[in-house]
Amino acid sequence: MSVRNEIQEVGFGNLDFLAKQVVEGFISGMHKSPFHGFSAEFAEHKVYNNGESTKHIDWKLFAKTDKLYTKRYDDETNLRCHFILDNSASMHFPEMKKQSIDHFNKLGFSSLAIASLIQLLKKQRDAVGLSVYDSDFSFYSPERGSNRHHAMILDALDKTVETPSKEGTTKTFEALHEIAEKLHKRSMVVLFSDLFQTDKETEDLFEALKHLKYNKHEVILFHTLDYTHEVDFNFDDRPIRYTDVETGQRIDLYADHAKVGYKKAMTHFIDDVKNTCGQYRIQYFPVDINASFHQILTHFLIQRQQFI
């Protein structure tokens, strides 16, 4: 059973709770995986032997079982991770009045994915930060590791999902340049964005991605799209008015008449982004919001282990 199905009865209004459910479902499938021992919270227990250090005894488990067990886990790390969330109008696609765990737009999916990754890092006591931008910065917080800081970031994500999108274009490249200037210490930088820009801004976008690589940052781009509609262009073949949510431009057409040309242009765009990321040694990962969160968590853990 998928994680979505397991928690679909829960409303999409408490990212902290939902993220814990996502992570618990993911961790349950990690046994005998390359991530064994990722964190104290994830590790197996072994029976305590007399003479061993009592430092790692699980006292909560002792209270339940009246037996002594110690935890197996890796040493703590000092990873700094900064999440960047694109809150442009296009990230609010598909348009919906209310989001749920099995029905959300790109922004909702990205926010829950970030919240889930924060749960992983919280267990490892890593420092996390967050930037949210649209036409300008709506939220910025540097990397810290306290529970209070995590709660503040999750609250900001909750509010971002609940707030209607702003009209107008968003220049992602300007936001990324500004964030790059703020990140002075070596960090893992994780960007969730559809990267939709005007054609003339694409080159500027790639320069901004390159800027994020300064100071030896490790950059992961989760290229977040609704593949059903935005890549495969699967719409009913009837006259539909399509509106660019950022520019307001409109066009009336039959989906089947435009599908071939659209898919060709979209494939070219995705390939350009992927190739540019490869050139600048940015980890590129395509994300379909109709798929499982496990795709993101698995890829993130692989990159994290290589970074630390």
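Which helix holds both Lys20 and Asp16, and how many residues apart are they? Keep that in mind as you read these notes on the model, which is predicted.

1. Let's settle the opening question. Lys20 and Asp16 both sit in helix α2, which covers residues 15–27. They are four residues apart, about one turn of the helix. Their side chains meet in a salt bridge, with 3.8 Å from N to O.

2. Now ask how open this pair is to the surroundings. Lys20 has a relative accessible area of 34%, and Asp16 has a relative accessibility of 26%. Buried means under 20% and exposed means over 50%, so a residue in between counts as partly exposed. Lys20 is therefore partly exposed, and Asp16 is partly exposed too.

3. Next, please look at Asp126 and Arg304. These residues form a salt bridge in which the closest N and O atoms are 2.8 Å apart. Asp126 lies in the loop between α4 (106–123) and β4 (127–133), while Arg304 belongs to helix α10 (residues 294–307), so the pair ties together parts that are 178 residues apart in sequence. Are these two residues buried or exposed? Both Asp126 and Arg304 are buried.

4. There are other salt bridges to find. Asp236 pairs with Arg238, and here the closest N and O atoms are 3.8 Å apart. Arg238 is partly exposed, with a relative accessible area of 45%. In total, the structure holds eight salt bridges.

5. Let's turn to a pair of helices, α6 (residues 172–182) and α7 (residues 202–211). Their axes come within 8 Å and cross at roughly 15°. Angles under 35 degrees count as roughly parallel, which means that α6 is roughly parallel to α7. The crossing of these two helices is left-handed.

6. Which residues of α6 and α7 meet? On the α6 side they are Thr172, Phe173, Leu176, His177, Ala180 and Glu181. On the α7 side they are Asp204, Leu205, Glu207, Ala208, Leu209 and His211. This contact between α6 and α7 is made up of six nonpolar, three polar and three charged residues.

Terms used:
Residues numbered from 1 in each chain as written. Predicted model: local features only at pLDDT ≥ 70, side-chain atom pairs only at ≥ 80, totals over all residues. Heavy atoms only, no water. Axes fitted to C-alpha atoms, helices over the stretch in contact; angles between N-to-C directions. Parallel < 35°, antiparallel > 145°, perpendicular 65-115°, else oblique. Left-handed = near helix turned anticlockwise from the far one by under 90°. Contact = heavy atoms within 4.5 Å. Nonpolar A, V, L, I, M, F, W, Y, C, P; charged D, E, K, R; others polar. Salt bridge = Lys/Arg side-chain N within 4 Å of Asp/Glu carboxyl O. Buried < 20%, exposed > 50% of the residue type's maximum accessible area, 1.4 Å probe, protein only.
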